[in-house]
Amino acid sequence: MTLTLETFQLCDVIALLEAIPEHHLIPGQVGTIVEELAPNVYEVEFIDDEGQTYAMLPLQVHQILRLHYSPTQQ
């Protein structure tokens, strides 16, 4: 299996791959990329069901997985 770094874009919906206890985040929580801070580092916003931000923090690409809502071309 070859591991490659995925390219992310603004407004991509992601899932968190690891716990971040200091922000009360667990794997699987869903966020949105709101800014590219550096190569392979993105500001991600986590919003609850009522539209309130409960966390916003920089994450590296190895900490997140882009979610796909339709088939992709390989």
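Predicted model: local features only at pLDDT ≥ 70, side-chain atom pairs only at ≥ 80, totals over all residues.
**Notebook: an all-strand chain**

Started with contacts (heavy atoms within 4.5 Å): of those between residues at least 6 apart in sequence, 40% join residues at least 24 apart. I number residues from 1 along each chain as its sequence is written, and side-chain values use heavy atoms, without hydrogens or water.

Next I looked up the secondary structure, taken as DSSP runs numbered from the N terminus (helices H or I, at least four residues; strands E, at least two). I got 0 helices and 5 strands. The radius of gyration, over C-alpha atoms, is 12 Å, close to the 11 Å from the globule rule (2.2 Å times the number of residues to the power 0.38) for 74 residues, so the chain is as compact as a globular protein of that length.

Then the sheet, counting two strands as paired if DSSP finds at least two bridges between them. It is open and antiparallel, in the order β4-β3-β2-β1-β5. I see β4 (53-60) and β5 (64-66) at the edges with a single partner strand each, so one side of each lacks a neighbour in the sheet. Zooming in, β3 (residues 41-47) and β4 run antiparallel and share 7 bridges. E45 has M56 in β4 as its bridge partner.
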